[in-house]
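Me: Could you walk me through reading a structure like this one? I'd like to learn how to look at a ligand site and at a single residue.

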Amino acid sequence: MTSTTPSESAIGGLTLEQKAGLTSGADFWTTKAVPGVPSIMLTDGPHGVRKQRAGSDHLGIADSVPATCFPPAVALGSSFDVALLERVGVALGEEARSEGVGVLLGPGINIKRSPLCGRNFEYLSEDPLVSGVLASALVRGLQSQGVGASLKHFAANNQETDRMRVSADIDERPLREIYLRGFQRVVENEQPWTVMCSYNKLNGVFTSQNPWLLNTVLRDEWGFTGLVVSDWGAVSDRVAALAAGLDLEMPSSNGKTDAQIVAAVQAGGLAESVVDTAASRVAQLVAKVVAGAGASDAPYDAEAHHALAREAAAASIVLLKNESDLLPVSVDTSVAIIGELARTPRYQGAGSSLINPTRLDNALAEIRGLTGREIPFAAGYGNDGVASEAQLQEAAAVASAADVALLFLGVPAEQESEGFDREDIELPAAQLQVLDAVLAANPRTVVILSNGGVVRLSGFVDRVPAIVEGWLLGQAGGGAVADVLYGVTNPSGRLAETIPVRLQDSPAFLDFGGEHGHARYGEGIFVGYRWYDARDIAVSFPFGHGLSYTTFAYSQASAAVDADGATVRVRVTNTGSRAGADVVQVYVGLPGSQVSRAQRALVGFAKVALAAGDSQDVEVRIDREDLAYWETRVGNWIVESGEYEFSVGASSRDIRASVTAQVEGDAVVIPLSLESSIGEMIAHPVAGPIIMQSLAGEETGGLLSDPSMFKMMESFPIGRLASFPGMPVDEQQVAQLIAMSNAQHG
Ligand code: BGC
């Protein structure tokens, strides 16, 4: 007797046509209902619920029901706050459930390879640990409410240029260590109900029809048990995609691709069991959604969610610079507010993630409310990106009459969207003119930035005493900015991406976007701070940087290594006069590593809140897997033996304490062949001693005793050397030795 899972039995009585039908959408946002399997709804995502009311499109054009617009990922990433992201996930789940949405299409965790990516506002970080840990928290929170996540865009969707066709050409190590790593963490930790494939190709194969990616890696290696859904319109060849493990095609193809599946089965080109597998995964997802929806469909508390959005936004703001403690300003300080963005906020990016907010705060009104004062305001520039002479004069006039000028600058909405990349990382010229005018009128100027991707600050960073990175902060961002500027909230955000001095310094500068359908990831594993550090390139603000209105001191660190990883301990003291939160960052390096490595890679972090004067022993746990590199010769993660350097930092470039600890590595034996070098033969546990013994003979003994000769010969393939005159062994003997060695270490 064979046992059947509920979902198998759910599809057991279905016709081939019905099963094929289950594997594509009914329309833009729902799956088809068949007997025993109801329809469910999937909607964007990621930082709010975008349930469309009328009309159908997937790029945010049709109106959607109001929902809380939480801070987009660019902001949340800077919070480094796992508990907070989990709470945001819970709130998203409550809203989705109350709208009857079964799967929320997010989070997006593609790595910010270049500051130019048009969709960086939707992604968390340039670092896979930050992306993976924070996305896990979002997924955990969301799914705790009986709503599925859709981890996207799997994989290597790091640019928008030609996104539907381009091939991301990535070597194995960066692919595993940087671009897949975050996905792996979330899948292994949280089992998102769905994973969304990306539009692009990966090393020449569409991710939607890539069996290596969707089956070998995602399912066989990582143990993913959920459903793979296509990005909207990502399927090029439906039958190939189904065979490769793409279960659900969205949106509907109006029956076209269902018929292709049926025809392929009937023609014998596709096994019906493949259709069964995909259909039963859809049925399983539907069963989870139905069970989740049953939990409760109570309306959510919009006020409470707005307050959470404000808290999250405030925790995400990064205080980049604060000379002479210009911030926080006190309610009694005479200030002027300048910049249209203070009145008309940019709070999210454009495209499929566009949320229709339940309400929208702006900084101007919030600051006026908080201070109880009619603070002077000048727009400075228009939304059209132009600053008239009159606007410049007005800006200078209000700035000079105030003690402190609060100047809001940012990237215009039309420059940051899904679907295309940015052309540069400059602030608009007109805004920079306003900045010059305001600075000339009042050097006590605070710049507050609104931007989804980083902007170049090096043109003015030395002239402006205080800079606040406000990203895109969601619907409650205005209040959050007010809270930070006036010290109601002590800023605690940290940069989840480096702010370079120039675009030209950035890792992917030379090949971002690619050409002729291929984007070659030439910088390899050196993405983000790994690149700037390895090349010792000056940056405006490093990864992990962020100031507070208080100060933190670190004790000496200690590291205890165990079989599963390491624990780094450090005592952190709030040495200032205000309560505040610090992000303790642990980086690891392995001087003398046998492979190319980042000088320092983030392996753990903890956000700690401390009252003024308080201390806390902070423990950061590091998984052994995060010490590993991807060993291409054996196709596996390998921890090298060695003296690892654990550094505790306030940023990737502000290391406060370092400690080394010996880690016992994994035994890795590279299979030998006639092309193995003498050096590799010698390193082999079986072949090594035998080779050394035969080389020590009379004819070749000199080779071992002369270091430079030995160095020269070390790289010689054994098979070729064996046929040289005077060698103590011939090719056949070497072949036998290789076979024996490989057999003992198979
Ligand atoms: C985006 C996805 C989104 C989907 C549905 C696509 O264009 O890339 O992120 O979830 O549309 O709107």
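This is a predicted model: local features need pLDDT of at least 70, side-chain atom pairs count only at pLDDT 80 or more; totals for chains, interfaces and linings use all residues.

Me: Okay, how many residues surround the ligand, and which are the closest?

Reply: To read a site, you list the residues that have a heavy atom within 4 Å of the molecule. Here 16 residues surround the ligand, and the closest are D44, R119, H153, D231 and E418. By type, that shell splits into seven charged, six nonpolar and three polar residues.

Me: And which side chains have polar atoms by the ligand's oxygens?

Reply: For that you look for pairs of N or O atoms within 3.5 Å. D44 has a side-chain N or O atom 2.4 Å from a ligand oxygen. For E418, a polar side-chain atom sits 2.7 Å from an oxygen of the ligand, and for Y199 the distance from a side-chain N or O atom to a ligand oxygen is 2.9 Å. On its own the ligand would expose 310 Å², and the protein buries 100% of that.

Me: What does the side chain of E177 reach?

Reply: It reaches the backbone nitrogen of W630 at 2.8 Å. The E177 side chain also makes a polar contact with the side chain of R173, at 2.6 Å. Leaving aside residues up to four places away in sequence, E177 touches P128, I525, Y629, W630 and W637.

Conventions:
Residues are numbered from 1 along each chain as its sequence is written. Side-chain values use heavy atoms; hydrogens and water are left out. A polar contact is a pair of N or O atoms within 3.5 Å; within protein, one must be able to donate a hydrogen and the other to accept it, and residues adjacent in sequence count only if both atoms are side-chain atoms. Accessible areas come from the Shrake-Rupley method with a 1.4 Å probe; for residues, only the protein chains shown count as cover. Ala, Val, Leu, Ile, Met, Phe, Trp, Tyr, Cys and Pro count as nonpolar, Asp, Glu, Lys and Arg as charged, and the others, Gly among them, as polar. Contact means heavy atoms within 4.5 Å.
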